[in-house]
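Me: I have a sequence and a structure to read. Please take me through a sheet and a helix, one feature at a time.

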Amino acid sequence: MMRNVMIDCVETGPLSVNTYIAYIKGGESCIVIDPADAYAVCEYAKDRGLKIAAVLLTHCHFDHILGVPELQRNGARLYIGEKDAAGLNDRSVSLCFKKLDEMIPDVLVKDGDIIEEAELSLKVLDTPGHTAGGVCYVLEESKAILAGDTIFCGSVGRTDLSGGDMGTLIASIRNKLFAMEGDYTLLPGHGNATSLEYERQHNPYAGRGARW
């Protein structure tokens, strides 16, 4: 029996981050990816009768984590790439404009790990370059990649901040994302959704014909 997997998007925080809420339609719990506003996320989940089981972070920059402390207090488990964990509470890395309550990850993830939460299964891809420990999450059941700020529609994440490196980022995109077989929906941390095949063909930084 085919399940109806939902991946809803709510813009949160001062930089309009795409916060994603993934769940099985008719289920009781959900996963939240990159929450910058706990209230907005909680209200969205409450309206749909969902408990927030886990928060998955693609990286540690402030605009993706502002809602984390409150969601942790409410019982959500926190996942982040092992090389970005220290940056959660280091404002020189997260670039946070205010002090947040300490965030202690429940699980540090690495390449190839499988996360099982809210009846969903997501695979971790290490994709450093925007930050030192950035990751993407692959929801194979929906042929979707939650890409954070690794890649955008027609662009890539900036690399001029702490832990950023353009060569590393391009290698992550080409060797991890573009190397995947077939097509996937790419759900970035900002802006419009795109597809893996479109970016393979047309992304001016990492696609075919790009100088890198």
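The turns below go from the sheet to a helix.

Reply: This is a predicted model, in which local features need pLDDT of at least 70 and side-chain atom pairs count only at pLDDT 80 or more, while totals for chains, interfaces and linings use all residues. Residues are numbered from 1 along each chain as its sequence is written, and side-chain values use heavy atoms, with hydrogens and water left out.

Me: In what order do the strands of the open sheet of six strands lie?

Reply: Strands (E, at least two residues) and helices (H or I, at least four) are DSSP runs, numbered from the N terminus. Two strands pair if DSSP finds at least two bridges between them. Here the order is β1-β2-β3-β4-β5-β6, and the pairing is mixed. β1 (5-12) and β6 (107-109) are the edge strands, each pairing on one side only.

Me: Which senses of pairing occur?

Reply: β1 and β2 are antiparallel, over eight bridges, and V10 stands opposite T19 in β2. β2 and β3 are also antiparallel, over four bridges; Y23 has C30 in β3 as its bridge partner. β5 (residues 77-81) and β6 run parallel, joined by three bridges, with G81 partnered by V109 in β6.

Me: What is found in the hairpins?

Reply: The hairpin of β1 and β2 has four residues between the strands, and G13 there takes a positive phi near 80 degrees. The hairpin of β2 and β3 has four residues between its strands, with G26 at a positive phi near 90 degrees.

Me: How many residues of β2 are buried?

Reply: Buried means under 20% relative accessible area, exposed over 50%, and partly exposed in between (1.4 Å probe, protein chains only). In β2, eight of the eight residues are buried, so the strand is largely enclosed by the rest of the structure. V17, T19, I21 and Y23 point one way, and N18, Y20, A22 and I24 the other.

Me: How do I read a helix, and which residues of α4 are buried?

Reply: An α-helix has 3.6 residues a turn, so residues three or four places apart point the same way. In α4, L169, I170, S172, I173 and L177 are buried. Seen down the axis, they fall within an arc of 155 degrees (taken from the directions from the helix axis to the C-beta atoms), so they line one face of α4.

Me: What does S172 touch?

Reply: Contact means heavy atoms within 4.5 Å. Neighbours within four places in sequence aside, S172 is in contact with T127, P128 and L177. S172 counts as buried because its relative accessibility is 5%.
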